[in-house]
Amino acid sequence: LVPVDVEVLPDGGDVGSDPELAVLGVNAAGLVQVVVRDSVSGALVGSANFGTQFTEDLDLEVVGSDVGVLGTRPSDGLVRVQVRTLANVVVGTVTYGVKFTGVDLEVVGSDVAVLGSRLTDGAVRAQTRTVANTLVKQVNFGLTYTGVELEVFGSDLGVMGVRTDNVVRT
C-alpha cells in the first residue's frame with residue numbers, strides 16, 4: 001500500500017482509549033484503500049475499499065466512525081466522495097460534477113464539503129452535500145483564487161488560496 005493521507009479516528013471501543021490511525025493508499029493493483037489500525041498495538045481495526053476508478057486527487061476524512069475518500073476519475077474528471085464503514089459498507093456516495101479537480105475534503109457535521117477547481121478555466125468552487133448527495137450549500141470563489149485549503153467554520157466555508165497575481169489571502 002502506497003500511503004497518500006493519514007487521519008486519526010476516535011477509539012473504536014477496544015481496550016483503552018488510544019485512537020486508531022486511518023491510512024489512505026493505493027495498492028499494487030491500483031485499488032484505493034483505507035486501512036485502520038490501533039495506534040498502540042498495530043492491530044487491524046478495519047478497512048474499506050474504494051475501487052480503482054477514482055485514483056487522482058485523493059484525500060481522506062473521518063466522518064463520525066466512518067471514513068470518506070475524495071477522488072477524481074481520470075477518464076472524465078468526475079469528482080466523488082464515498083463514505084464507507086470500516087466493514088466496507090457504503091454509507092453514501094456524493095458527486096461534485098465533471099471537469100473538476102478535487103482539491104480538499106472536510107466534514108461539516110454529518111455532511112461533506114469539497115473544494116474543487118474547474119478544469120476548463122480554473123474557477124474555484126466549494127460545495128457541501130449530505131451523504132445522500134443532496135446539495136446543502138455552494139460557494140463560488142471565481143477565478144481570483146487558486147484554492148489550496150478548505151476550512152469549515154460552523155456551517156460556513158472558507159478557502160485559503162493564492163490569488164492569480166500570487167498574493168496569499170485567506
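User: What is the bridge partner of Arg37 in E4?

Analyst: The bridge partner of Arg37 in E4 is Leu44. Strands here are DSSP runs of E with at least two residues, helices are runs of H or I with at least four residues, and both are numbered from the N terminus. This is a predicted model, in which local features need pLDDT of at least 70, side-chain atom pairs count only at pLDDT 80 or more, and totals for chains, interfaces and linings use all residues. Residues are numbered from 1 along each chain as its sequence is written, and side-chain values use heavy atoms, with hydrogens and water left out.

User: How many bridges join E3 to E4?

Analyst: Five bridges join E3 to strand E4 (residues 44-49), and the two run antiparallel. Two strands count as paired if DSSP finds at least two bridges between them. The hairpin of E3 and E4 has five residues between the strands, and Gly42 there takes a positive phi near 80°.

User: And on the E2 side, how many bridges are there with E3?

Analyst: Strand E2 (residues 20-26) pairs with E3 over seven bridges, in the antiparallel sense. Within that pairing, Val23 has Val35 of E3 as its bridge partner. The E2 and E3 hairpin has five residues between the strands, with Gly30 at a positive phi near 90°.

User: Is E3 mostly covered or mostly uncovered?

Analyst: Strand E3 (residues 32-38) is mostly covered, with six of its seven residues buried. Buried means under 20% relative accessible area, exposed means over 50%, and partly exposed lies in between (1.4 Å probe, protein chains only).

User: Now a different region. In what order do the four strands of the open sheet lie?

Analyst: The order is E5-E6-E7-E8, with antiparallel pairing. Strand E5 (56-63) and strand E8 (90-95) are the edge strands, each pairing on one side only. On average, neighbouring strands of this sheet are turned by 15° against each other, direction ignored; the axes are lines fitted to C-alpha atoms (for helices over the stretch in contact), with angles from 0 to 180 degrees between N-to-C directions.

User: How many bridges join E7 to E8?

Analyst: Strand E7 (residues 79-84) and E8 are joined by five bridges and run antiparallel. The bridge partner of Gln82 in E8 is Thr93.

User: Turning to the charged pairs, how many salt bridges does a search of the whole structure find?

Analyst: The search finds two salt bridges, each defined as a side-chain nitrogen of Lys or Arg within 4 Å of a carboxyl oxygen of Asp or Glu. One joins the side chains of Asp76 and Arg73 at 2.8 Å, N to O. The side chains of Asp121 and Arg118 also meet in one, at 3.0 Å, N to O.

User: Finally, the chain as a whole: how many helices and strands does its secondary structure come to?

Analyst: The chain has zero helices and 15 strands. Its radius of gyration is 16 Å, close to the 15 Å that the globule rule gives for 170 residues, so the chain is as compact as a globular protein of that length. The radius is taken over C-alpha atoms, and the rule is 2.2 Å times the number of residues to the power 0.38. The C-alpha trace spans about 50 × 35 × 30 Å along its principal axes.

User: What percentage of the 170 residues count as buried?

Analyst: Of the 170 residues, 40% count as buried.
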